[in-house]
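Here is a note for a colleague who is meeting this structure for the first time. Please read the points with the sequence and the model side by side.

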Amino acid sequence: MQAENYDTGGQGLAYNVTSVNGTGNAYRADGVDLEPTSDTGGGYNLGWTGSGQWFRYTVDVATAGQYTLTARVAAPSAVTGALHLASATGANLTGAVNIPATGDWQAWTNVTATLTLPAGRQVLTLAEDTGGWNLNSLQFAPGGTTPPPTPTNIAAGRPTSESSHTQVYASSNTTDGNQGSYWESANNAFPQWVQVDLGSSRAANKVVLQLPASWGARNQTLTLTASADGSTFTTVTASSAYTFSPSSNNTVTITFAATTQRYWRATFTANTGWPAGQLSEFQVWSA
């Protein structure tokens, strides 16, 4: 798919540009941001890229599936987050595509990305997220590698339970997304625990624990355990003292080999700042 063969229809329909440049009117009447290219095969390339600009292309996809996109690009300097391809609904299909420095506007190289397309006629939008590069062509080849899913906090908003709490400081505060609210166990009664139920067994490899950001530093000794059925718990990380410090936003990150569990429990046995277990956020991150 040659970059100069964007759809017809003009500004706001086939493309969006902040200024009309180029000398490609011999190829097409609008010649928007087109210039002759020295790349193999000749013809024209798309240039004068800039943040917020876009061009649309109508393509016929013979078979639904995963494709490797190869973009033929040139850039005097490296560009991070240069572009992405979007569907007709605006969904980002490729994620951000970076372009390495090629040294000149007409020094060409290939960059690749993976996307999934349904069969049939598709309208794809080439979004220029950061300027400073030229584009000669886009090529689609069947196959590709599915990028790993973005890790998420799978404990957000999930039900919780506890060994005890004092006053209004219940365990539900640990999954409400508010670092200012917190769980506090009964005083002077270690050990105490707080637990989150993911609803089903999910793979995770990181737990993030927080206290309110404004609190002073303290060490809490705790053990992290997990269970698939809520009855039999296995130790994920052995008992250890963790430092919650305002200098690190009162945040502790515990990483471990990925394990698939439904219930996650933190059991507290000591706290240098208060004679109880305390926690404002109990985050479990997907592997």
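**Salt bridges, rings and a buried arginine**

1. A search of the whole structure finds four salt bridges, a salt bridge being a side-chain nitrogen of Lys or Arg within 4 Å of a carboxyl oxygen of Asp or Glu. The model is a predicted one, in which local features need pLDDT of at least 70 and side-chain atom pairs count only at pLDDT 80 or more, while totals for chains, interfaces and linings use all residues. Residues are numbered from 1 along each chain as its sequence is written, and side-chain values use heavy atoms, with hydrogens and water left out.

2. One of the salt bridges joins Arg72 to Asp39, with the closest N and O atoms 2.9 Å apart. Arg72 belongs to strand E5 (residues 65-74) and Asp39 to the loop between strand E2 (34-36) and strand E3 (44-46), so this pair ties together parts that are 33 residues apart in sequence. Strands here are DSSP runs of at least two residues, numbered from the N terminus. Asp39 is buried at a relative accessible area of 7%, whereas Arg72 counts as partly exposed at 22%; buried means under 20% relative accessible area, exposed over 50% and partly exposed in between, with a 1.4 Å probe and protein chains only.

3. Another salt bridge is formed by the side chains of Asp60 and Arg121, at 2.8 Å from N to O. This pair links distant parts of the chain, with Asp60 in strand E4 (residues 53-61) and Arg121 in strand E9 (residues 120-128), 61 residues apart. Asp60 is exposed, with a relative accessible area of 55%, and Arg121 is exposed as well, at 62%.

4. Arg28 deserves attention for two contacts. Its side chain meets that of Asp30 in a salt bridge (3.3 Å, N to O), and its charged end sits over the ring of Tyr6, 3.6 Å from the ring centre. A charge is taken to sit over a ring if NZ of Lys or CZ of Arg is within 6 Å of the ring centre and within 35 degrees of the ring normal. Arg28 counts as buried at 13% relative accessibility, while Asp30 is partly exposed at 26%.

5. How many aromatic pairs does the structure hold? There are eight, where rings of Phe, Tyr and Trp (its six-membered ring) pair if their centres lie within 6.5 Å, and planes under 30 degrees apart count as stacked, over 60 as edge-to-face and the rest as tilted. The rings of Tyr6 and Tyr15 have centres 5.6 Å apart and planes at 80°, so they form an edge-to-face pair.

6. Which side chain of opposite charge is nearest to Arg218? It is Glu184, 6.8 Å away, and Arg218, although buried, has no salt bridge; Lys and Arg count as positive and Asp and Glu as negative, with His and the chain ends not counted. Arg218 lies in strand E14 (residues 218-227), and its side chain reaches the backbone oxygen of Gly216 at 3.3 Å. Beyond its neighbours within four places in sequence, Arg218 is in contact (heavy atoms within 4.5 Å) with residues including Tyr242, Phe244 and Trp274.

Key:
Helices (H or I, at least four residues) and strands (E, at least two) are DSSP runs, numbered from the N terminus. A polar contact is a pair of N or O atoms within 3.5 Å; within protein, one must be able to donate a hydrogen and the other to accept it, and residues adjacent in sequence count only if both atoms are side-chain atoms.
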